[in-house]
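Thank you all for coming; I would like to take a few minutes to walk through a structure that may be new to you. Please have a look at it first, and then we will go through some places inside it.

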Amino acid sequence: MMGFILRILLTGGCGFIGSAVVRFAIKNLGYEVINVDKMTYAASKDALEDVLLHPNHTLLTLDICDSESIRAAFAKYQPDAVMHLAAESHVDRSIDGPCAFVQTNVNGTFVMLEAAREYFATLVGEKRERFRFHHISTDEVFGALADEDPPFNEQTPYDPRSPYSASKAASDHLARAWMHTYGLPIIVSNTTNNYGKWQFPEKLIPLMIINGINEAPLPIYGGGTNTRDWLFVDDHAEALLKIITHGIPGQTYCIGARQPRKNLDVVKTICAVLDQKLPSPNGARERLITYVKDRPGHDHRYEIDPSFAENALHWKAAHDFERGLTVTIEWYLNNCEWWERIRSQTYGGQRLGTIA
């Protein structure tokens, strides 16, 4: 698949992870990206930075559930590969309103698979041989781990626990079924929690950074013992693009960084870095930590064993958690205008209620 300019049709390219993939694909690899994004509340053109107007980038404001428009995009742009990242992804929102998650994550994936199948049937020769449909998913489809359990890997059975993870599990199963039934060359990857710049401010790390900057309460579910495995988003973007060129159809790749942390420890680390970089006359920010009632069905622990992906893709996450978190905090400190505008547009200036 090398030796030419790879053209990728990528969904959700104005979201947090998608925009990181678009930036990496164009700036680091010289690929061409056809970026399909509905531009929902969590999408931001700003996150594309200097590639927004790059000649290798085309932004199509489309809903992945609009089958006619998606089929037209395949026919017009003739991609070499698909990277399907578009999804509703916030657990709390899925609990409050699961319908949107089923519509986007299940029906939207079905539309993408059918459009890709129709397009794939027209391909011949080398273009057909190199075509891939890469479906990007989450480790939450595997359910929850106890403290003594080994991390998730490519053989872990599915056991989703929330409307979000159930909708993603359904989309994973659809993708694999389209390979086994129709021969569409599918690759699935599952990843753990991502963090980094341009992340929507309702997610744990940006929310705690922003509240810490503003010296607002830092609310944590339960006792803060829930554990997540944290992956710097640029490392994830590199891995996803490795999958397009090195991945084998029918294979699953679990992408992680071996960086598990309890939620309380994550928040305390954020407090310590902010205290160093933006000292408060009111004292250390750990005073802002508060504990609130746990959310329904809160999974205790997620963690991925990325050994297979590291070996197969010749890839390994470059950022350890403390270094990546410091880079992320510095970015939010230097980009207050962006997240203040996003919060104002989305929530009318109200403080966010999302918690760890």
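**A walk through the interior**

Let me begin with Asp 80, which in this predicted model sits in the loop that runs between helix 2 (67–77) and strand 4 (81–84). Is Asp 80 buried or exposed? With a relative accessible area of 4%, Asp 80 is buried, because that value falls under the 20% cut-off. Its side chain makes a polar contact, at 2.9 Å, with the side chain of Lys 127, and, once residues up to four places away in sequence are set aside, the residues that Asp 80 touches include Phe 4, Ile 5, Leu 6 and Arg 7 as well as Arg 130, Phe 131 and Arg 132.

Finally, how many cavities of 30 Å³ or more does the structure hold? There is one, and the largest cavity has a volume of about 50 Å³. Its lining includes Val 91, Glu 140, Ser 162, His 298 and Tyr 302, and the lining residues divide into three nonpolar, three polar and three charged.

Conventions:
Residues are numbered from 1 along each chain as its sequence is written. This is a predicted model: local features need pLDDT of at least 70, side-chain atom pairs count only at pLDDT 80 or more; totals for chains, interfaces and linings use all residues. Side-chain values use heavy atoms; hydrogens and water are left out. Helices (H or I, at least four residues) and strands (E, at least two) are DSSP runs, numbered from the N terminus. Buried means under 20% relative accessible area, exposed over 50%, partly exposed in between (1.4 Å probe, protein chains only). A polar contact is a pair of N or O atoms within 3.5 Å; within protein, one must be able to donate a hydrogen and the other to accept it, and residues adjacent in sequence count only if both atoms are side-chain atoms. Contact means heavy atoms within 4.5 Å. On a 1 Å grid over the protein atoms alone, a cavity is a set of points where a 1.4 Å probe fits but cannot get out, and a pocket is an open set with protein on both sides within 12 Å along at least five of seven lines; lining residues have an atom within 4 Å of a point. Grid points are joined across faces, edges and corners, and a volume is the space filled by probe spheres set on the points. Ala, Val, Leu, Ile, Met, Phe, Trp, Tyr, Cys and Pro count as nonpolar, Asp, Glu, Lys and Arg as charged, and the others, Gly among them, as polar.
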